[in-house]
Amino acid sequence: MRLIGSGTQGRLAVMHIATLDQRPDLVGALWDMPTVWPEFMRHDPISNLYYGLCTEQWPEYILVAEDPDEPGRLLAKGHSVPFFLPEGDELPIDGWDGALRRAVRARVAGDKPNIVSAIEIAVRPDRQGTGLSALMLAAMRDNAARLGFADLVAPVRPNGAKDPAEPMTSYAYRTRDDGLPVDPWLRVHVRAGGVIEKIATRSMVIPGTCAEWRDWTGLPFDTTGPVHVPKALTPVHADAEHDWAVYVEPNVWIRHRTGA
């Protein structure tokens, strides 16, 4: 697909977005593209166990946006996976981790998926703020429709949250004067027609030893109690006596109708 996006030096350029099965030559660029994920989020055990399977098992659900000025270089990428949600069931409280687990289970058990979940939409750090995230979201919704799914859901990480003490049940529903969410990433989804459905209270769980958390964050992790880690949405809970710390991140489930 071709979408008008932001080119170099502020000019408009035609951005080429394809699925990975259409462009398998870009798999290396997909993994090599820099992102702004904090280091501690690269150590979710569910992610490390299953995420690498995505390119092999679901390449038709992965989007790559190639730089029109530098072929082979990615400006953005989008991962999604299909899973089976029994009729009448709510979206799972284990959000991001749960979407990956259920996608793998559907593949292994032979269940026919009936819903697609976004897993990641990432934009190169030097191209953030140029509208590419909204373009990638639109492309992901269109791709889900092309594949025959009526719904695209997303366990959204509200990256504008600054106070780890504020519950997500409060922050996610805060709005500006125009009625749109105060959070920038939630706002992109709502502007695109998405509807906030529920909070995924344990969307991502990252355990580690205190030494591992020191390595991931540069913080001491030498006392028991909550630790406020930069870019974490909730405090990390540390137990120095027993040498462990765990982060439980809430996300926000948003549902998009695809029109399929």
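Start by colouring the charges: the mean positions of the 27 positive and 34 negative ones in the chain sit 6 Å apart. Positive here is Lys and Arg, negative is Asp and Glu, with His and the chain ends left out; each charge is placed at NZ of Lys, CZ of Arg, CG of Asp or CD of Glu.

Keep in mind that you're looking at a predicted model, where local features need pLDDT of at least 70 and side-chain atom pairs 80 or more, while totals for chains, interfaces and linings use all residues. Residues are numbered from 1 along each chain as its sequence is written, and side-chain values use heavy atoms, without hydrogens or water.

Now switch to cartoon: you'll find eight helices and 10 strands (DSSP runs, H or I of at least four residues for helices, E of at least two for strands, numbered from the N terminus).

Next, select strand 7, residues 195-208, and pick out Ser 203 in it. Is Ser 203 buried or exposed? It's buried, at a relative accessible area of 0% (buried is under 20%, exposed over 50%, with a 1.4 Å probe and protein chains only). Across the chain, 52% of the 260 residues count as buried.
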